[in-house]
Amino acid sequence: FSMNFFLHLSTCNTCKKIIKELNLSKYNIEIIDVKKTPITLAQIEKIYNKIGSYKSLINKRAQLLKQKKIDSKKITELEAKELLNDHYTFLKRPILFYNGKVFVGNSKKEVEMAKKWINEQ
């Protein structure tokens, strides 16, 4: 995978909107659909090394958490890492890794910070 990447789900309308909003096609950013190209442990660790928490990468609304009866509030860092490595649905999306900075999730604030960061580069 390249230095800069955007992890998303192609079926997610919010992710599609963010790709357009950030104008990602204009930059050297590999756009990866995590359903078609599963996230690698190397990518997970690269993101972790920037933000210092596997738990913050967990999608707390993942249906699989409910199915497996996992309480997202009680997950340890190690369990979070294993879940992320196990199935793409546990990954909070989207994730932008660009020029050494990571932006996780789709909150308005996060998208604005990502847009500002990309435009300043």
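I began with helix H4 (residues 77-86), where I found Ala80, Leu83 and Leu84 buried (under 20% relative accessible area, with exposed over 50% and partly exposed in between, for a 1.4 Å probe and protein chains only; helices are DSSP runs of H or I of at least four residues and strands are E runs of at least two, numbered from the N terminus). These three cover an arc of only 100° around the axis, which puts them on the same side of H4 (the arc is taken from the directions from the helix axis to the C-beta atoms). On the face turned away from that buried side I noted the exposed residues Leu78 and Glu82. What covers the buried residues of H4 includes helix H2 (41-51) and helix H3 (63-67), contact being heavy atoms within 4.5 Å.

I record that the model is predicted, with local features needing pLDDT of at least 70 and side-chain atom pairs pLDDT 80 or more, while totals for chains, interfaces and linings use all residues. Residues are numbered from 1 along each chain as its sequence is written, and side-chain values use heavy atoms, without hydrogens and water.

The largest cavity holds about 50 Å³, volume being the space filled by probe spheres set on grid points joined across faces, edges and corners. Helix H1 (13-22), strand E3 (95-98) and helix H5 (108-120) each supply at least two residues of its lining, and the largest share, three residues, comes from H5. The largest pocket has a volume of about 240 Å³, and its lining includes Cys12, Arg61 and Asn106.

Last I turned to salt bridges (a side-chain nitrogen of Lys or Arg within 4 Å of a carboxyl oxygen of Asp or Glu), and the count came to seven. Glu21 pairs with Lys115 at 3.3 Å between the closest N and O atoms, which links helix H1 to helix H5 across 94 residues. Lys115 also bridges to Glu112, at 3.9 Å, and I noted Glu21, Glu112 and Lys115 as a network. Elsewhere in H5, Lys116 and Glu120 meet at 2.8 Å, N to O; they are four residues apart, about one helical turn.

Conventions. 1 Å grid on protein atoms, 1.4 Å probe; cavity = no way out; pocket = protein on both sides within 12 Å on 5 of 7 lines; lining within 4 Å.
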